[in-house]
Amino acid sequence: MSDTIEKLVIIGSGPAGHTAAIYAARANLSPLMFEGFLAGGVAAGGQLTTTTEVENYPGFPKGVDGPQLMDLFREQSLRFETRIHTETVEKLDLSQIPFQVVSSGRKVLTKSLIIATGATAKRLSIPGEEQFWQQGISACAVCDGALPIFRNKTLVVIGGGDTAVEEATHLTKFGTKVVVVHRRNSLRASKIMQKRLLSHPKIEMQWDSVVEEALGNEGLTGVRIRNVKTHESKILAAEGLFYAIGHIPNTSFLDGQLKLDETGYIVTKPGTTQTSVNGVFAAGDVQDKVWRQAVTAAGTGCMASLEAERYLAE
Ligand code: FAD
Ligand code: NDP
């Protein structure tokens, strides 16, 4: 382990981590970033490296390719001399300052820490999923719903939580019909959102049902669903399939050292990025299960950096 004590270490390399790095580097904090090596199954650069066109990130009126956008974020971090290790952080010791960060390749000490490790959308691993992923299947209706392939088509949403309800309602703007497939006969979503969903003329429910296969040739043409009570299977014609079955925040490496909510997200003090440990800040999807957008992740990355700067000055 090196004797050097870093001012700020950033863990994670999505929009939150890189925005934090850009602000910290320009504030002369000389940040050190661990960008991860296929951490959580995602390449360095985060979730946007798994998509094609990003149409809602401001500053790109014609849209921008997801991996290209993340290359630009990285280039901007490097321009201000962020040091980047392509390693995954495996362990932390937050019991004393300086904090200890242990990656696959080294141990470092730091006075402050920003955790921006994101979250991973849950998948089902059904036949056809790999073939049509991002070519008819998506885990983000807000991101992809407006794409031409989904316009005036029948769209299927899987899930019964607030995300499923919000995404299904959002998709009614683009599709001719939205079918929500839910594995039980009651929704988990809040009552007001349920009412909105169930009274919508474009939305149809398939209760007690699971999607077992995504079907198609060049593009998605349908899904095979099974009723879990009657065991009857049928094919629903559809050109879009949206997963809204939850996300898994990348927090297992924290090993109980920060306060997490019941679903594993880092708890931050409202209106700030402060975690339960002084000097440790959290930004992006790892602490946000509601908005989950690149621009909101970048926004909290900025906040975390400014808060770390203030903390170090004190
Ligand atoms: P992430 O992007 O999740 O990045 C976190 C990074 O940290 C990852 O690279 C991960 O490998 C790394 N990491 C994890 N654990 C460790 C560790 N222990 N050590 C080191 N590194 C680690 N949003 C939009 O605004 N517009 C869109 O069009 C859009 N499209 C999307 C399409 C898809 C398919 C998906 C899945 C998401 C999309 N989103 C979109 C959502 C957006 O990608 C996320 O909200 C955003 O990327 C979150 O940024 P983040 O920085 O919090 O984390
Ligand atoms: P949730 O965990 O609340 O819901 C996931 C849904 O997917 C559940 O209905 C679950 O079924 C279903 N599901 C999970 N795994 C599978 C599977 N393998 N096969 C089929 N179905 C599956 O996740 P959300 O993303 O909806 O919400 C996460 C949190 O964020 C919640 O606290 C929610 O309230 C909050 N949120 C709030 C919003 C708002 O207030 N506007 C918007 C979005 C999210 P089952 O019900 O049977 O478990």
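Hi everyone, let's start with Thr19, a residue you will find in helix α1. Before going further, please keep in mind that this is a predicted model. Thr19 has a relative accessible area of 11%, and because buried means under 20%, Thr19 is buried. Leaving out residues up to four places away in sequence, Thr19 touches Phe73, Ala298, Gly301 and Cys302.

Helix α1 covers residues 15-26, which makes 12 residues.

How many of the 12 residues of α1 are buried? The count is 10, so the helix is mostly covered. Going along the helix, the buried ones are Pro15, Ala16, Gly17, His18, Thr19, Ala20, Ala21, Ile22, Ala24 and Ala25. And what covers them? The cover includes the strands β1 (5-11), β2 (32-34), β5 (83-85) and β8 (107-115), together with the helices α2 (66-79) and α7 (294-313). Just past the end of α1, have a look at Asn28, which takes a positive phi of about 60 degrees.

A polar side-chain atom of Ser13 sits 3.4 Å from one of ligand 1's oxygen atoms. From Arg292, a backbone N or O atom lies 3.2 Å from an oxygen atom of ligand 1. Ala294 also takes part through its backbone, with a polar atom 2.8 Å from an oxygen atom of ligand 1. How much of ligand 1 does the protein bury? Taken alone, ligand 1 exposes 1000 Å², and the protein buries 96% of that.

On to ligand 2. Here we have 16 residues around the ligand, and Asp162, Thr163, Glu166, Arg184 and Arg188 come nearest. Gly161 places a backbone N or O atom 3.3 Å from an oxygen atom of ligand 2. In the side chain of Thr163, an N or O atom is 2.6 Å from an oxygen atom of ligand 2. On its own, ligand 2 has 920 Å² of accessible area, of which the protein covers 74%. The shell around ligand 2 divides into 3 nonpolar, 6 polar and 7 charged residues.

Let me now take you to a residue in a strand. Val180 is part of strand β12, which runs over residues 177-181. Buried or exposed? Val180 counts as buried, because its relative accessibility is 1%. Setting aside neighbours within four places in sequence, Val180 is in contact with Val157, Gly159, Ala168, Leu197, Ile203, Glu204, Met205 and Gln206. Val165 is 15 residues from Val180 along the chain, and their C-alpha atoms are separated by 8.4 Å.

Now for some loops. Thr51 belongs to the loop between β2 and β3 (53-54). With 14% relative accessibility, Thr51 counts as buried. Its side chain makes a polar contact with the side chain of Gln134, at 3.0 Å. Beyond residues up to four places away in sequence, Thr51 touches Gly66, Pro67, Gln134 and Asp144.

Pro98 sits in the loop between β6 (89-93) and β7 (99-103). The peptide bond leading from Ile97 to Pro98 is cis, with omega near 0 degrees.

Finally, two loop residues with positive phi. Ser125, in the loop between β9 (119-121) and α3 (129-132), has phi near 60 degrees. Asp208, in the loop between β13 (203-206) and β14 (209-216), has phi near 50 degrees. Which of them is buried, and which is exposed? Ser125 is exposed, with a relative accessible area of 64%, whereas Asp208 is buried, at 12%.

How values were computed: Residues numbered from 1 in each chain as written. Chains lettered and ligands numbered in written order. Predicted model: local features only at pLDDT ≥ 70, side-chain atom pairs only at ≥ 80, totals over all residues. Heavy atoms only, no water. Helix = DSSP H or I, 4+ residues; strand = E, 2+ residues; numbered from the N terminus. Expected span 1.5 Å × (residues − 1). Buried < 20%, exposed > 50% of the residue type's maximum accessible area, 1.4 Å probe, protein only. Contact = heavy atoms within 4.5 Å. Near = heavy atom within 4 Å. Polar contact = N/O pair within 3.5 Å; in protein donor to acceptor, adjacent residues only side chain to side chain. Areas by Shrake-Rupley, 256 points an atom, 1.4 Å probe, with all protein chains shown as cover. Nonpolar A, V, L, I, M, F, W, Y, C, P; charged D, E, K, R; others polar.
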